[in-house]
Amino acid sequence: LAYLIQSTAVTPSPLEDSVLRMLDAADRAQAQGQLEEAARLLAAAQALAPANAAVLAAQGLYALRKGDAAEARQWLEKSLSHDASDPRVHLNLATSLRALNDADSEMKALNQALTLDPYFFPAVMQKASLLERMGKGREAARTYGRALATLREGDRLPASWQPLVEH
């Protein structure tokens, strides 16, 4: 999560450094299933930097991971209102919108992610899947092909993506 903090300074300020450490620790806590500790660390980071896009995005990702797509959407939209330059935040927003069955808004978020990074493989794959769900089979096939064309020999995909690639 700390990768989301972007600073114009070469060396982070003491405040940014504290927030970075909290976001890293929250990410580790989530990975270890310590959700209460992750929530505590995210709340502390937010208290230090309430309008920081990275902190808001981290709150959104936390809500998404705990299965609250509506809360995730709110956090992620707020993050994007402060800084819309990270395609990963747009992808996370699209994922929350998928869970909320809002296909039009999901497509808009995916297109924003792909405007920022046309080769962002997870966004291209999610867009292809969305097109397929929308009954746009040919466009979905072209989009899947575009995604697969970005892979290099030896690239390893998460196991959860394998069925989509084989499809």
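A salt bridge here is a side-chain nitrogen of Lys or Arg within 4 Å of a carboxyl oxygen of Asp or Glu. With that in hand, welcome to this predicted model, in which the count comes to 9 salt bridges.

Arg-40 and Glu-37 form a salt bridge, and their closest N and O atoms are 2.7 Å apart. Both residues belong to helix 2 (residues 35–48), where they sit 3 residues apart, about one turn of the helix. Arg-40 is partly exposed at 46% relative accessibility, and Glu-37 is partly exposed too, at 31%.

Next comes a pair that reaches across the chain. The side chains of Asp-27 and Arg-65 meet in a salt bridge, at 3.1 Å from N to O. This pair links distant parts of the chain, as Asp-27 lies in helix 1 (residues 14–31) and Arg-65 in helix 3 (residues 53–65), 38 residues apart. Asp-27 has a relative accessible area of 26%, which makes it partly exposed; Arg-65, at 47%, also counts as partly exposed.

Is Glu-106 buried or exposed? Glu-106 has 0% relative accessibility, and because buried means under 20%, it counts as buried.

| Salt bridge | N to O distance |
|---|---|
| Arg-40 and Glu-37 | 2.7 Å |
| Asp-27 and Arg-65 | 3.1 Å |

Notes:
Residues numbered from 1 in each chain as written. Predicted model: local features only at pLDDT ≥ 70, side-chain atom pairs only at ≥ 80, totals over all residues. Heavy atoms only, no water. Helix = DSSP H or I, 4+ residues; strand = E, 2+ residues; numbered from the N terminus. Buried < 20%, exposed > 50% of the residue type's maximum accessible area, 1.4 Å probe, protein only.
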